[in-house]
Amino acid sequence: MFVEIVLAGLPIDRDEVEEALEAALGPDGEITGAGGGMGRCHLDVEIEAPLDPGLAVERLRAVLADLGVEACATFNVSA
């Protein structure tokens, strides 16, 4: 599964978000790309097959909430 997380108006460094997401995903996924510009950035996340898509997105949202940036995020999920 592929998840693109688009972050607009991020009040912290994107690297901090990347590190927290990678730590939370562990062996269940990884960040495969990132970019930014014009006040927005995005993270491309690959989730390994056995992990339930709903659980994966829930886990990602929880990390963003812990960082205080969930309101900045939009998720685009592809199977």
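Predicted model: local features only at pLDDT ≥ 70, side-chain atom pairs only at ≥ 80, totals over all residues.

User: Why is Asp13 called partly exposed?

Analyst: Its relative accessibility is 47%. Buried means under 20% and exposed means over 50%, with partly exposed in between, so Asp13 counts as partly exposed.

User: What makes Asp13 part of a negative surface patch?

Analyst: Asp and Glu count as negative, and a patch residue needs over 30% relative accessible area. Asp13, at 47%, passes that cut-off. The patch is formed by Asp13, Asp15, Glu16, Glu19, Glu22, Glu30, Glu46 and Glu48. Its largest share, four residues, comes from helix 1 (residues 14-25).

User: How do you know that strand 1 pairs with strand 3 and with strand 4?

Analyst: Pairing takes at least two bridges. Seven bridges join strand 1 to strand 3 (residues 40-47), and six join strand 1 to strand 4 (residues 73-78), so both count as pairs. Strand 1 runs antiparallel to strand 3 and also antiparallel to strand 4. For instance, Ala8 stands opposite Arg40 in strand 3, while Glu4 has Asn76 in strand 4 as its bridge partner.

User: Why is Met38 called exposed?

Analyst: Met38 has 85% relative accessibility. Met38 is found in the loop between strand 2 (29-37) and strand 3.

User: What is the phi of Met38?

Analyst: Met38 has a positive phi of about 55°, although Met38 is not a glycine.

Methods: Residues numbered from 1 in each chain as written. Heavy atoms only, no water. Patch = residues over 30% accessible without salt bridge, like charges linked within 9 Å, V, L, I, M, F, W, Y side chains within 5 Å. Areas by Shrake-Rupley, 256 points an atom, 1.4 Å probe, with all protein chains shown as cover. Salt bridge = Lys/Arg side-chain N within 4 Å of Asp/Glu carboxyl O. Charge placed at Lys NZ, Arg CZ, Asp CG, Glu CD. Helix = DSSP H or I, 4+ residues; strand = E, 2+ residues; numbered from the N terminus. Buried < 20%, exposed > 50% of the residue type's maximum accessible area, 1.4 Å probe, protein only.
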